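Good morning, and thank you for coming.

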Amino acid sequence: MQVRTVTPPRSRKVRTADVPEPLITARGLVVSREGQRILDHVDVAVHAGEIVTLVGPNGAGKTTLVRVLLGLVPPDGGTVWRRPGLTIGYAPQRLQIDPAMPLPVQRFLTLARPAGEGELLDRLTEVGLPDCLDRQIVSLSGGEFHRLLLARALLRDPDLLVLDEPLTGVDLAGQAELYRLITRMRERRGCGILLVSHDLHLVLAATDRVICLEGRVCCAGTPVDVAHDPDFQRLFGTEFADAFAPYRHHHEEGCPPPSGGRR
Amino acid sequence: MIEPFLLRAVAVALLFAAAAGPLGAFVVWRRMAYFGEALAHSVLLGIAAGFLLGLAPAIAVLPFMLGFALLLLLLERQRLVPVDTLLAVLAHGALAGGVITVSLVGGVRTDLLGYLFGDVLAVGPSEIATVAGVALVIGGLLLVFWRPLLSATVSEELAAVEGVAVRRMRLLLVLLLALVVAAGMRVVGMLLVMALLIVPAAAARHFSRSPEAMALRASLLGCASVLLGLAGAWELDLPAGPAIALVTVTLFFLSLLAAAFGRSGRSRS
């Protein structure tokens, strides 16, 4: 088993604004495919300055939920509301770049927004990809490409950052670094961040609110609450609760309602 | 003194090749070769429609091609038949139907070989105007929508999240493709028109490090093929359309060789 220290979540005082209006809200989302219900009345909200993480086993509907929130897939039921003028930066889990097109990193980035070389270099350095402006996209490794997707999302100067498995293919040292970057983004730009991740150790350390998805929202709340939730432990075991040992408390009342996680 | 009909042929063929270059790059990037072939195979039906309505082929074929392109775009959404299979079915149906209709309606007026393989040495002044107009429309729209078109081609998903109207971009490309196919019908004929879209772009791929460079070089390679092909056809008394297409294909293989040698040279150094 890999050993990693998990710093307990810091107190949640990031949101100082009085206006609790969310960046994006989804209510009662239903998505069915081939008679299979993938999302079953899911409620989600992300506020400015908040890091929300979707966890759940394979096939839990995490990516589908993200795609509905992004407007890429129309839901079969329910509503998605976005703050007017909301700018979203999105780094998908996978993206196939066809080698039929010669595409240097610089051109890939400026497709998102015209930007000068200096700004591009800043973003690339930020995600740990210096000196690659002229490299062809197809020559990047999986981890490098994932960092590039993050750089492109940041280049949009987003109000809401949506990262689907941002650690895919990124080496261990890079993972911790990227998580620090994500936390910094929130602090510096005050943007809301929606993560999808399997990496529970890091997720639980850097997240304000966890939503555990299994077709429906099976539990939601702070990382500590969720780690002790029986539903969560059924899916992921108790080791994450153990990681929060200093904070262990009796958690009798179950998980809070899905969309009521702000406290 | 160069004959006027030869000048007209050069002008029409150059205009077509210049417009076909960047569009051909999109065809290569988006894997729309089948789609383009299906469009090209339906040209004859448009000409037959023109005969029925008493319109000049060059004029009648434009609205017909636009309509056919829209129909193909709609049919792509169905799930009953794989898309490339359906395109092949429609392409051959349109070709066979077109040949029969033209031979029934057109009678002695029709020169079938001219439609299949082009008859660029016979273009009249009015056709120059049509092809020039088409080339201008294509060039202008490509310039205006270049970034969203490219963005939607790299990744429809990212482009959509970033606010690009990806479906409108797909529609735009398909309509431009229909226009260029209609314009190329006289130059290299419906059976060879896609060659001047796909082959120069494919040849340009090996020497280009950005999509813009590839699109531009595809145009230049297409124009070079036109000039060399027409010169060869003139000197050796060959059919012009196939001569142009053959030069393009030769340039492609030369580029492949050059790329292979360039690569091995670089890896040795």
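In which helix of chain A does A:Glu144 lie? The residue belongs to helix α4 of chain A, which covers residues 142–155. Please keep in mind throughout that this is a predicted model.

Is A:Glu144 buried or exposed? A residue is called buried here if 20 or more other C-beta atoms lie within 10 Å of its own. A:Glu144 has 20 C-beta neighbours inside 10 Å, and therefore counts as buried.

A:Pro114 sits in the loop between α2 and α3 (117–126) of chain A. Because A:Pro114 has 9 C-beta neighbours inside 10 Å, it counts as exposed; the cut-off for that class is 12 or fewer. Between the C-alpha atoms of A:Pro114 and A:Thr125, which are 11 residues apart along the chain, the separation is 18 Å.

I turn now to the sheet of chain A. It is an open sheet of 6 strands with mixed pairing, and the strands come in the order β5-β6-β7-β3-β8-β9. Which strands stand at the edges? They are β5 and β9 (216–221) of chain A; each has a single partner strand, so one side of each is left without a neighbour in the sheet. Direction ignored, neighbouring strands are turned by 15° against each other on average.

One pair can be named: A:Gly89 has A:Leu161 in β6(A) as its bridge partner. Both faces of β5(A) are covered, with A:Ile88 and A:Tyr90 buried on one side and A:Gly89 and A:Ala91 buried on the other.

That brings me to the contact between the chains. Chain A contributes 18 residues and chain B contributes 18 residues. On the side of chain A, the elements giving two or more residues are β5 (88–91) and α2 (105–112). The largest share, 4 residues, comes from α2(A). By class, this side of chain A has 15 nonpolar, no polar and 3 charged residues. For the model, the scores are ipTM 0.86 and pTM 0.85.

Finally, chain B. Its mean pLDDT is 89, and 96% of its residues reach 70 or more. Which element of chain B has the lowest mean pLDDT? It is helix α3 (residues 43–53) of chain B, at 84, whereas helix α8 (residues 146–154) of chain B has the highest, at 96.

Helix α3(B) is mostly covered, with 8 of its 11 residues buried. Among them are B:Val43, B:Leu44, B:Leu45 and B:Ile47. Against what do the buried residues of α3(B) pack? Their partners in chain B are α2 (33–41), α4 (57–75), α5 (83–105), α6 (112–117) and α10 (166–188). After the helix comes B:Gly54, whose phi is positive, near 70°.

I shall be glad to take your questions.

Terms used. Residues are numbered from 1 along each chain as its sequence is written. Chains are lettered from A and ligands numbered from 1 in the order in which they are written. This is a predicted model: local features need pLDDT of at least 70, side-chain atom pairs count only at pLDDT 80 or more; totals for chains, interfaces and linings use all residues. pLDDT is the predictor's confidence in each residue, from 0 to 100. Two residues are in contact if their C-beta atoms, placed from the backbone, lie within 7 Å. Ala, Val, Leu, Ile, Met, Phe, Trp, Tyr, Cys and Pro count as nonpolar, Asp, Glu, Lys and Arg as charged, and the others, Gly among them, as polar. Two strands pair if DSSP finds at least two bridges between them. Axes are lines fitted to C-alpha atoms, for helices over the stretch in contact, and angles run from 0 to 180 degrees between N-to-C directions.
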